[in-house]
Amino acid sequence: MALNLLNLGFHPSTLVSPKPLKDRFVLGCSRVQQISFTESENSLIEALLGIQGRGRSSSPQQLNAVERAVQVLERLGGVPDPTNSNLIEGRWQLIFTTRPGTASPIQRTFVGVDFFSVFQEVYLRTNDPRVCNIVSFSDAIGELKVEAAASIEDGKRILFRFDRAAFSFKFLPFKVPYPVPFKLLGDEAKGWLDTTYLSNSGNLRISRGNKGTTFVLQKQTEPRQKLLTAISSGKGIKEAIEELISLKQNSGQEEPELEEGEWQMMWNSQTVTDSWIENAVNGLMGKQIIKDGRIKILVDILLGLKFSMTGNFVKTGSRLYDVTMDDAAIIGGPFGYPLQVKNKFILELLYSDEKLRVSRGYNNILFVHARTDALR
């Protein structure tokens with residue numbers, strides 16, 4: 001990482017969904033172990049939830065929240081002299097990074113792509129101490145590994161010099177050299193990496209590089225992070241949902257409630273149709289705004305036009321809500337064009353907290369929403 005890598009074709013009608021059935025998207029009930037964080041560490045994890053591209057698509061508010069949480073942890077210090085601790089050793093996954101103007105081509109090209117996974121391996125207690133930055137394209141394609149010889153300068157700083165890199169493709173029996181002449185780069189191939197926080201659990205690390213980049217890395221990501229990462233990459237979504245729901249069921253916590261706030265639709269298990277209005281009516285796009293027993297679907301169309309549909313919800317049982325959407329319009333500034341569209345369905349909450357929600361809604365479609373407004 002310190003490279004630094006790191007047509008409206010829809011006829012308005014009343015739509016009624018059946019009661020929840022054994023879903024086509026079957027969820028298991030495997031038992032999972034919860035990852036524990038301190039209160040301050042959890043503040044950073046909460047700030048990172050919903051940020052896309054490992055920081056590339058974050059808003060100024062999100063960046064400020066992350067930076068505040070990072071600074072709190074750095075003041076606390078964590079494990080003293082982290083470079084001398086065995087906890088720093090191993091494979092770390094990059095969760096977030098800042099990108100200064102001096103960021104390397106690899107960092108600018110690969111790190112902000114959610115479809116790729118980015119790791120850093122730190123092995124300092126060997127005959128050949130190394131720091132390796134790895135971009136994993138997919139299990140079927142392969143990876144790029146950039147290696148650096150490393151040494152410990154003090155309790156926080158690792159010195160490194162990049163000396164080799166190669167692509168390892170699953171479909172080739174040999175490695176393909178990465179075309180960077182490290183020996184000719186001189187001091188440009190050198191750098192340092194300070195670990196400014198290492199958790200006592202050995203699961204969370206904050207580092208700052210010589211080019212001004214801040215990195216947040218984890219050895220194990222918690223279930224909500226895994227789900228959002230799976231959604232971004234399009235891989236392992238079902239398994240991530242199963243793990244999250246299983247964790248909630250095994251925690252003994254109270255049943256989830258439909259939280260107020262603005263909720264952006266991140267993923268659903270239904271393939272969208274050619275009609276954007278049908279997709280909007282069914283909640284397959286846009287955001288939900290929940291307040292005072294009312295629910296609104298809001299979708300940006302184009303040129304300042306929005307689709308808006310409002311209705312009511314009533315709790316009818318454990319984790320179940322009857323939802324009636326009956327006030328739809330196309331909105332443009334202060335003007336609105338009403339649409340004769342209604343939709344009724346049962347919403348079942350599978351998981352919900354103040355940041356993330358998994359639910360089963362219209363036509364038994366699974367939804368994942370992330371909260372986008374400030375917490376109350």
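The structure is a predicted model, in which local features need pLDDT of at least 70, side-chain atom pairs count only at pLDDT 80 or more, and totals for chains, interfaces and linings use all residues. Residues are numbered from 1 along each chain as its sequence is written, and side-chain values use heavy atoms, with hydrogens and water left out.

**Helix 5**

- Helices (H or I, at least four residues) and strands (E, at least two) are DSSP runs numbered from the N terminus.
- Eight of the 11 residues of helix 5 (residues 223–233) are buried, so the helix is largely enclosed by the rest of the structure.
- Buried means under 20% relative accessible area, exposed over 50%, and partly exposed in between (1.4 Å probe, protein chains only).
- Among the buried residues of helix 5 are Pro223, Arg224 and Leu227.
- Gly234, which follows helix 5, has a positive phi near 75 degrees.

- Five of the five residues of strand 18 (residues 356–360) are buried.
- Leu356, Val358 and Arg360 lie on one side of strand 18, with Arg357 and Ser359 on the other.
- Strand 17 (residues 342–352) pairs with strand 18 in the antiparallel sense over four bridges; two strands pair if DSSP finds at least two bridges between them.
- Within strand 18, Ser359 stands opposite Leu349, and a hairpin of three residues joins strand 17 to strand 18.
- Strand 18 also runs antiparallel to strand 19 (residues 366–371), joined by five bridges, and Val358 has Val368 as its bridge partner in strand 19.
- Five residues lie between strand 18 and strand 19 in their hairpin, where Asn363 in the turn has a positive phi of about 60 degrees.

**Salt bridges**

- A salt bridge is a side-chain nitrogen of Lys or Arg within 4 Å of a carboxyl oxygen of Asp or Glu, and the count by this rule is 21.
- Asp353 and Arg224 meet in a salt bridge at 3.0 Å, N to O.
- This pair links distant parts of the chain, 129 residues apart: Asp353 is in the loop between strand 17 and strand 18, and Arg224 is in helix 5.
- Arg224 also forms a salt bridge with Glu222, with the closest N and O atoms 3.2 Å apart.
- Arg224 is buried at a relative accessible area of 6%, and Glu222 is buried at 10%.

**An exposed loop residue**

- Leu303 lies in the loop between strand 13 (294–300) and strand 14 (305–317).
- Leu303 is exposed, with a relative accessible area of 83%.
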